[in-house]
Amino acid sequence: MEHLAIGFQNVLTPGTLFWVTVGVTLGYVLGALPGLGKATGVAIAIPMTFYLPPVAAIAMLIGIAKGSAAGSAVSAILLNTPGEPSSAPTALDGYPLARQGKAQKALKMGLFASVIGDFLSTLILIALAAPLARYALLIGPVELCSVLLFSLTFIGSLAGRSMLKGMIAAAFGVFFATIGIETETFIPRLTFGMLELDDGISLVPMAIGMLAVAEMVIQAGNMRNLDREAAEIDDSTRPEDRRVTLAEWRRCLPVIGRGTLIGAVVGILPGLGASVGSFLSYGATQRSSKTPEKFGTGMIEGVAAAESADNAVVPSSFVPLFALGIPGSVIAAILIAALVLHGLTPGPMMFIEQPQMVADLYAAMLCASGILLLVGYAGQRIFAQVIRVPIRLIIPVVLFLCCIGAYMNTNSLFSIYLMLAFALLGFFARKLEFSFVTFLIGFVIGPNLELTFRQSLQLLDHDPMRLAAHPIALLFGLLTVVTVVWIGRSNRRLAAQRSARPRAGTDAPAEQSHT
Amino acid sequence: MKRADLVSGLVLAAFGVVMLAVVIPAQIEPAPDGYVSPRLVPNLAMIVIVALSLLLVLQSLPKSEETPKAGTPVFFARDWVALAKISGVFAASLVLFWLGSPLAAGAVLIAGTLLLLGERRPVILVGMPAGLLLAVWALFYKLLGTVIL
């Protein structure tokens with residue numbers, strides 16, 4: 001608590017607050033633009049924080065993540081095109097509200113629900129991460145290896161529609177993480193004689209290429225559709241259509257509470273992601289409503305449910321990152337690079353070695369929630385105009401920023417080549433539905449997985465029977481197998497249902513692939 | 001998508017086999033005595049990739065009772081056009097960078113992309129590159145006080 005008070009003193013300075021505000025504003029704008037999510041924003045911005053003090057730098061990146069999580073509701077409500085997949089349920093009721101001329105009301109409720117969900121979930125992170133980390137310190141390499149393997153399998157199985165593709169992507173991520181000089185024998189691996197690869201592939205150009213550049217190529221291909229949707233936005237001038245009424249607040253507050261809880265739980269479990277949280281919350285709200293049939297036609301509760309859960313996922317997804325060093329989401333994976341760069345290695349030891357830095361981070365996260373409310377409320381009309389900007393004007397700006405971000409990582413063209421190579425890989429991964437999220441998480445987990453695996457081999461003396469002395473490792477090994485079988489079966493059932501529907505001749509109007 | 005899965009599964013399986021048989025042995029030396037082989041994890045990752053890719057191929061093979069379907073197309077002409085345009089702009093920009101003009105490289109990247117994506121207004125074509133380059137200069141060289149090139 002004492003650390004947290006000092007943390008607020010460190011964060012509540014004009015300099016840090018300025019960079020948090022810049023981060024939140026930038027994130028809000030990026031989130032509002034379809035396709036440019038929080039991960040893209042953070043990946044591009046990491047190199048720009050090289051020259052900022054650690055607290056300001058991390059606070060700015062967290063501001064971007066929080067801002068874009070909230071901003072993605074703007075395009076979902078106004079364009080029916082979610083800025084991120086997790087805002088898709090927001091569009092189900094937000095877009096009908098916008099078509100009725102109640103866009104301002106929907107945007108405001110989206111913002112309030114986002115801020116409340118985000119703030120409460122940050123408190124959950126603060127309450128849970130440190131106690132969990134204490135338990136994490138008790139586990140050894142064998143247990144950690146099995147936990148990492150379970151997390152990666154779990155994430156790979158859940159990402160996208162195909163478990164096989166998710167796991168192939170995860171294996172590729174681990175494989176790319178092995179490039180560079182091996183730390184035990186100092187033997188270069190797959191460097192092809194290039195000195196630039198001796199330290200391995202840097203996460204920053206890789207993430208920028210896979211997330212941002214690849215997305216821009218896809219957006220360039222889909223340019224006409226996006227511009228046409230932006231031209232069809234309508235807005236009412238009636239005051240009651242532009243604000244959230246007291247009656248609506250009464251109906252929405254319990255919905256926001258439930259959404260926050262669902263989002264926080266989903267965030268803590270590695271790999272489920274914000275989309276699962278927002279859809280679960282939307283579904284739970286619809287089921288508990290007295291008028292479930294009205295959902296999808298412009299129910300404000302739908303917006304509140306989806307946005308509160310979507311934003312609650314972001315802070316709580318840092319729980320496994322802070323407590324165990326395991327990134328539960330792509331944003332957490334990318335933030336690892338930023339945290340390490342600024343002197344904070346995520347994992348249980350950071351609570352012992354750098355408690356003040358952790359407290360600064362918590363204080364920055366709480367301040368970012370408040371700034372998100374101010375920036376979002378004051379700038380809502382402006383942000384709503386951002387999505388009217390034709391995508392052909394946005395793509396060159398993003399590509400330019402990507403190049404600067406990648407170049408600054410090593411101050412050499414090699415980073416740009418890496419960025420372009422991974423952009424191409426990201427383009428094909430997206431089109432062929434191989435999860436680039438799993439790939440990136442595999443890449444981030446890779447070195448730790450390899451290290452603990454090697455240590456486990458030595459500790460167990462290459463004898464699997466000695467695993468009997470490690471019940472936690474056995475439990476997670478079993479969980480890995482159960483997860484693969486269970487998710488594999490449910491995926492097969494879903495695929496069979498999908499292929500059976502058209503054959504049976506059902507018209508299945510507007511079938512939406514929510515899961 | 002099934003046909004795309006079939007092709008991508010075959011390509012990935014072939015890639016994995018080449019990596020296992022040729023690239024990894026050629027590019028990673030064996031470990032000295034007493035050490036765990038540095039080839040171990042790359043090999044394991046590739047074995048997993050080959051195995052899963054073959055499963056993907058098997059899963060994507062049309063069943064005998066099914067009539068072969070073309071499936072939903074994955075790539076459209078507009079995707080290839082966009083990829084070609086953006087690749088072209090990056091290539092031109094990199095050439096200019098090699099020739100020693102990072103400023104021109106940046107300007108070409110922005111103006112070239114604008115032009116290829118259909119922007120024709122001279123004010124935008126000139127103003128946006130100039131404005132962005134100026135903004136980056138102001139941010140790094142003035143506000144943050146650092147040199148990036």
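**The interface between chain B and chain A**

Chain B and chain A bury about 5,500 Å² between them, with 81% of it on carbon and sulfur atoms. Buried area here is the accessible area, taken with a 1.4 Å probe, that two parts lose on being put together, summed over both. Of the area that chain B buries against chain A, B:Val36, B:Phe90 and B:Leu117 supply 11%, more than any other three residues.

A word on the source: this is a predicted model, in which local features need pLDDT of at least 70 and side-chain atom pairs count only at pLDDT 80 or more, while totals for chains, interfaces and linings use all residues. Residues are numbered from 1 along each chain as its sequence is written, chains are lettered from A and ligands numbered from 1 in the order in which they are written, and side-chain values use heavy atoms, with hydrogens and water left out.

Counting contacts (heavy atoms within 4.5 Å), 66 residues of chain B touch 59 residues of chain A.

One salt bridge joins B:Asp5 to A:Lys165, with the closest N and O atoms 2.5 Å apart.

Which helices of chain B each supply at least two residues of the side that touches chain A? They are α1 (2–27), α2 (40–60), α3 (77–98), α4 (102–116) and α5 (122–143); helices are DSSP runs of H or I, at least four residues, numbered from the N terminus. The most comes from α2(B), with 13 residues.

Next, one helix pair. The axes of α20 (residues 413–431) of chain A and α3(B) come within 12 Å and cross at roughly 175°. Axes are lines fitted to C-alpha atoms over the stretch in contact, and angles run from 0 to 180 degrees between N-to-C directions. The two helices, α20(A) and α3(B), are therefore roughly antiparallel, the word used for angles over 145 degrees. Among the residues that meet there are A:Phe427 and A:Phe428 in α20(A), and B:Trp80 and B:Phe90 in α3(B).

Methods
Salt bridge = Lys/Arg side-chain N within 4 Å of Asp/Glu carboxyl O. Parallel < 35°, antiparallel > 145°, perpendicular 65-115°, else oblique.
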